[in-house]
Amino acid sequence: MGQTSSSPTTSNTDIHQTKPQVAGRCPVDHTTMKKAVDDTPAKCPVQHDVDPRNQMPTLQQHPISMNQAASLSTERVSSTIPRDDSSTWDYPSPQQFYNALVRKGWETPEEHIESMVDIHNFLNEKAWEEVVKWERRVDGATGLQLSRFKGRPGDISPKARMFMFAGRLFPSRFSSEPPFDRHDWIVKRAKTGEEVRYVIDYYSLPDEPNGTPVFSLDVRPALDSFSSIKERISVAAEEGWANFHQNQGSSSQTSS
């Protein structure tokens, strides 16, 4: 838990995919997308401009740019993230994703959209896996639901600011680069009905030698309650102790 990293074939949260065309930025427009009429609104764990009454995005399924030369799929993929007792959240279709980029002014070649959608969806699936890991420590995570969500790309979390400051002091150990995006997710525990806020910071890491981009997610419960504070301290202590033992073992092997 905490800040983790991996590829799509492992259980951590760095993302190795086709390189997006906008380096260092989340490929989803979280700030300028307008409400559009659609028979079946897309439902994505990332906020794209939502109706404040129900937190549902409404994204257009038809082309909005005269420059779009190729047709894109309007099929939406269901996530594994529970929305309520009987359904899960749905991700935007490639056409909706392309429309979001157009509104932001990012004219992206249509042939790259499918890969960018895959990255977007994979990031959110991994974020949910990290949430579930935290919740298993407290409530067992059975029946856990994502009630609502909010994109906060302009708000740097206190933890991210701390890492940025540490990066200036110890550049060899920490990065001073800010996260390229932040989301707040509100999850509902089935047993108690309690709602818990999670903060997710999205980071770009150095590309692999072959040019494949790498992303990292820092997922943790917000310090809104005593129980969340206690869990954060417990996990930090456990990870610190595990790292200490690992370093001790490495030192012993080196000396022998």
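Modeller: Gladly! A hairpin joins strand 4 to strand 5 through five residues. This is a predicted model, where local features need pLDDT of at least 70 and side-chain atom pairs pLDDT 80 or more, while totals for chains, interfaces and linings use all residues. Residues are numbered from 1 along each chain as its sequence is written, and side-chain values use heavy atoms, without hydrogens or water.

Colleague: What makes strand 4 and strand 5 a pair?

Modeller: Strands are DSSP runs of E with at least two residues, helices are runs of H or I with at least four, and both are numbered from the N terminus. Two strands pair if DSSP finds at least two bridges between them. Strand 4 (residues 78-82) and strand 5 (residues 88-90) have two bridges, in the antiparallel sense, so they meet that rule. S78 stands opposite D90 in strand 5. The protein has four helices and nine strands.

Colleague: Why is helix 1 called largely enclosed?

Modeller: Buried means under 20% relative accessible area, exposed over 50%, and partly exposed in between (1.4 Å probe, protein chains only). Nine of the eleven residues of helix 1 (residues 94-104) are buried, so the rest of the structure largely encloses this helix. Among the buried ones are P94, F97 and L101. Helix 2 is part of what covers the buried residues of helix 1. Just after helix 1, G105 takes a positive phi of about 95°.

Colleague: Which residues touch the most other members of the largest nonpolar core?

Modeller: A nonpolar core is a set of buried Ala, Val, Leu, Ile, Met, Phe, Trp, Tyr and Cys residues joined through side-chain atoms within 4.5 Å. The largest has 25 residues, and W128, V131, L146, W185, V187 and Y202 touch the most other members. Helix 2 gives the most to this core, with seven residues. Apart from it lies another core, of nine residues, including L72, F97, L101 and V117. In soluble globular proteins, nonpolar side chains tend to be buried together.

Colleague: How do you know that R137 and E238 meet in a salt bridge?

Modeller: A salt bridge needs a side-chain nitrogen of Lys or Arg within 4 Å of a carboxyl oxygen of Asp or Glu. The N to O distance for R137 and E238 is 3.0 Å, so the pair qualifies. R137 lies in the loop between helix 2 and strand 6 and E238 in helix 4 (residues 226-255), so parts 101 residues apart in sequence are tied together. By this rule the count comes to 15 salt bridges.

Colleague: Is R189 buried or exposed?

Modeller: Its relative accessible area is 6%, so R189 is buried. R189 forms a salt bridge with E194, with the closest N and O atoms 3.0 Å apart. E194 has a relative accessible area of 33%, so this residue is partly exposed.

Colleague: What makes the nonpolar surface patch?

Modeller: The patch is made by F165, L169 and F170, and comes to about 330 Å². Patch residues have over 30% relative accessible area and no salt bridge; like charges are joined within 9 Å, and nonpolar side chains (Val, Leu, Ile, Met, Phe, Trp, Tyr) within 5 Å. Areas come from the Shrake-Rupley method with a 1.4 Å probe, and for residues only the protein chains shown count as cover. F170 is at 46% relative accessibility, so this residue counts as partly exposed. F170 sits in the loop between helix 3 (158-169) and strand 7 (181-188).

Key:
Contact means heavy atoms within 4.5 Å.
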